[in-house]
Amino acid sequence: MNQKKEFRNNGAIGALLDEYEKALNELIETINDISEKELTEVIDIETDDEDCKSIQNILTHVVQSGYTYVVEIRKWLGENVEYRNKIKLRTTEEYKSALKEMFEFNEQLFVDHPNLKLSENDPQKKINVRWGQNYDAEQLLEHAIVHILRHRRQIEKFKEYKPAANNGNRCTSH
């Protein structure tokens, strides 16, 4: 029996939020069966990127990045808002809650700015993010969604392999 999917009804913003939430729900489903030991186990023994050594590090990075994207937009809008620090959690339950809270932070952006201009063609008016790329709000939110998808895939691969058999689980944070 299929449940009818509920969609947000606010156009492109609704579509972005629906897809963002879907990506997060897929990530949450992926981490459901991960033990505390598996969460902290170093899987990628070759990477120099601390964000990609373990599932815990990946999830910590995903949560903090999810806040960063909105902070970048809010700064672009002229708000005085601070970046969130990375906080390592101990269980997947804690990460599930943190992911949901991060998504609520994203949703709040559109409560506060319901008419936010998503698309910007003028390169001088793009958001210059702290890692050096330039985006408009729509591109940055699309990046946020794909970021989750890429790290969900990475975690799925980590669940299949052990450290001695890294087999291409390499990561880049952005």
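Predicted model: local features only at pLDDT ≥ 70, side-chain atom pairs only at ≥ 80, totals over all residues.

Trainee: How much accessible surface does the chain have?
Mentor: About 9,900 Å², and 46% of that belongs to carbon and sulfur atoms. Accessible areas come from the Shrake-Rupley method with a 1.4 Å probe; for residues, only the protein chains shown count as cover.

Trainee: What share of the residues is buried?
Mentor: Of the 174 residues, 47% count as buried. Buried means under 20% relative accessible area (1.4 Å probe, protein chains only).

Trainee: Which elements does the chain have?
Mentor: Five helices and two strands. From the N terminus on, they run α-α-α-α-β-β-α. Helices (H or I, at least four residues) and strands (E, at least two) are DSSP runs, numbered from the N terminus.

Trainee: Switching topic. What is the volume of the largest pocket?
Mentor: About 180 Å³. A pocket is an open set of points on a 1 Å grid over the protein atoms alone, where a 1.4 Å probe fits, with protein on both sides within 12 Å along at least five of seven lines. Grid points are joined across faces, edges and corners, and the volume is the space filled by probe spheres set on the points.

Trainee: Why use a probe?
Mentor: Rolling a probe the size of a water molecule over the atoms shows where empty space is left.

Trainee: Which residues line the largest pocket?
Mentor: Among them are Thr60, Val63, Tyr67, Arg84 and Glu101. Lining residues have an atom within 4 Å of a point. Helices α3 (55–76) and α4 (92–112) each give two or more residues to that lining. The largest share, four residues, comes from α3.

Trainee: Now Tyr95. Where does Tyr95 lie?
Mentor: In helix α4.

Trainee: Is Tyr95 buried or exposed?
Mentor: Buried, with a relative accessible area of 0%.

Trainee: What is Tyr95 in contact with?
Mentor: Leaving aside neighbours within four places in sequence, the partners of Tyr95 include Ile31, Leu39, Leu59, Val63 and Ile87. Contact means heavy atoms within 4.5 Å.

Trainee: How far apart are the C-alpha atoms of Tyr95 and Val63?
Mentor: They are separated by 8.1 Å, and the two residues are 32 residues apart along the chain.

Key
Residues numbered from 1 in each chain as written. Heavy atoms only, no water. Buried < 20%, exposed > 50% of the residue type's maximum accessible area, 1.4 Å probe, protein only.
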